[in-house]
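The following note was prepared for a colleague who wishes to go through the model point by point.

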Amino acid sequence: MAGVLDTVNQRTQLVGENRLELLLFRLNGKQIYGINVFKVKEVLQCPKLTTMPHSSPVVRGVAHIRGGTIPILDLGLATGASPIENISQCFVIITEYNRRIQGFLVRGVERIVNMNWSDIQPPPKGLSNDNYLTAVCQVDKEMVEIIDVEQILSEVAPMRQDISEGIVDSGTQENAKKHHILIVDDSSVARKQIKRCMEQVGFATTVLCDGREALEFLQNLVAEGKDVTEEFSMVISDIEMPEMDGYTLTTAIRNDSRLQDLFILLHTSLSGVFNEAMVKKVGADGFLAKFQPDELARLAIETVQVQSE
């Protein structure tokens with residue numbers, strides 16, 4: 001395990017290359033699962049857990065780790081399978097999603113593999129737990145399932161989705177009606193959240209599932225003779241997506257003279273590993289960690305106001 005932990009801490013240099021590293025793990029049974037190393041803060045033997053009354057059954061308890069109290073979620077239960085047993089012999093993957101830190105209880109941790117996002121595919125229809133999968137890939141001829149953590153967290157600890165009163169007024173809504181926003185995200189939960197937020201402001205929206213689909217969509221608009229900056233005032237893109245990640249999508253847009261003037265906001269649950277240098281590296285106009293509807297609404301409103309001046 002020491003080698004795995006060292007690697008988790010050291011490898012974070014894949015930005016803009018359409019690559020990722022997956023930490024592979026198992027729950028109950030032979031199926032292998034994966035999680036992006038960027039989201040992993042630490043892997044450790046399951047510590048002593050304190051049960052929390054009235055919490056979701058998925059939350060097996062809380063652990064006191066490095067001065068903080070962290071909820072520990074059973075990924076077996078969370079995906080509709082049986083609970084992890086003998087937890088003292090199991091492991092916890094400490095992660096940061098959407099500005100929250102939580103631990104995921106797993107049976108065992110395998111290793112880290114370096115992948116290309118083009119090898120990560122949407123889950124095939126008909127899998128028993130496809131509601132909780134965001135993607136799949138092949139590693140050593142075995143299928144690895146990548147869990148939609150945002151789906152799980154939305155069920156265990158729902159986040160506020162509505163915009164606060166006072167942020168949107170009638171003038172803002174009238175201006176927003178003139179603007180169209182392209183949303184790109186592989187998580188069905190995230191797509192619904194962003195779409196709801198933008199439509200509450202008054203924007204029209206188009207929603208796509210990954211970077212390659214978005215790039216081809218934009219290129220087809222250009223081929224039809226359309227000006228994409230007239231069609232869309234903003235692209236709100238996730239970073240982690242099958243086939244083409246948000247970094248690579250941004251780079252491709254900036255390298256295409258027909259698309260390069262689009263405003264691009266990277267909006268992702270990877271809140272713990274970014275800085276301005278990373279955003280500038282690929283030419284994005286901004287970065288916002290998920291999911292704060294007020295912040296997202298304000299940023300979109302300010303962007304189109306500047307464009308309207």
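**Notes on the predicted model**

1. D238 is a buried residue, because its relative accessibility is 3%, below the 20% under which a residue counts as buried. The structure is a predicted model, and this value is computed from it. D238 is placed in the loop that runs between strand 13 (234-237) and helix 8 (246-254). In an unreviewed entry, UniProt lists D238 under "modified residue: 4-aspartylphosphate". That annotation comes from the record and may be inferred rather than shown by experiment.

2. The largest cavity deserves a paragraph of its own. The search of the whole structure returns four cavities of 30 Å³ or more, and the largest cavity holds about 250 Å³ of space. Its lining consists of 22 residues; nearest the centre are K39, T134, I146, I147 and E240. By class, the lining of the largest cavity comprises eleven nonpolar, five polar and six charged residues.

3. Which elements each supply at least two residues of the lining of the largest cavity? They are strand 1 (19-26), strand 2 (32-36), strand 9 (133-139), strand 10 (142-147) and helix 3 (149-156). In terms of domains, at least three lining residues of this cavity come from domain 1 (20-156), and at least three from domain 2 (170-308).

4. The largest pocket has a volume of about 380 Å³. Its lining is made of 17 residues, and P123, K125, L133, D186 and R191 are the closest to its centre. The classes represented in the lining of the largest pocket are six nonpolar, five polar and six charged residues. Strand 9 and helix 5 (188-201) each contribute at least two residues to this lining.

5. Three aromatic pairs are present in the structure. One of them is formed by Y97 and F104, with 6.2 Å from centre to centre and 70° between the planes. The pair is classed as edge-to-face, because an angle over 60 degrees meets that description. Are the two partners buried or exposed? Y97 counts as buried because its relative accessibility is 3%, and F104 is buried as well, with a relative accessible area of 1%.

6. R100 belongs to strand 7 (residues 100-106). R100 counts as partly exposed because its relative accessibility is 33%, a value that falls between the limits of 20% for buried and 50% for exposed. What separates R100 from S269 in sequence and in space? The two residues are 169 positions apart in sequence, while their C-alpha atoms are 9.3 Å apart.

7. V228 lies in helix 7 (residues 228-231). With a relative accessible area of 0%, V228 is buried. V228 and Q260 are 32 residues apart in sequence, and the distance between their C-alpha atoms is 9.5 Å.

8. To draw the points on the two spaces together, strand 9 supplies at least two residues to the lining of the largest cavity and at least two to the lining of the largest pocket.

Technical notes. Residues are numbered from 1 along each chain as its sequence is written. This is a predicted model: local features need pLDDT of at least 70, side-chain atom pairs count only at pLDDT 80 or more; totals for chains, interfaces and linings use all residues. Side-chain values use heavy atoms; hydrogens and water are left out. On a 1 Å grid over the protein atoms alone, a cavity is a set of points where a 1.4 Å probe fits but cannot get out, and a pocket is an open set with protein on both sides within 12 Å along at least five of seven lines; lining residues have an atom within 4 Å of a point. Grid points are joined across faces, edges and corners, and a volume is the space filled by probe spheres set on the points. Helices (H or I, at least four residues) and strands (E, at least two) are DSSP runs, numbered from the N terminus. Ala, Val, Leu, Ile, Met, Phe, Trp, Tyr, Cys and Pro count as nonpolar, Asp, Glu, Lys and Arg as charged, and the others, Gly among them, as polar. Domain bounds come from an automatic or database domain assignment. Rings of Phe, Tyr and Trp (its six-membered ring) pair if their centres lie within 6.5 Å; planes under 30 degrees apart count as stacked, over 60 as edge-to-face and the rest as tilted. Buried means under 20% relative accessible area, exposed over 50%, partly exposed in between (1.4 Å probe, protein chains only).
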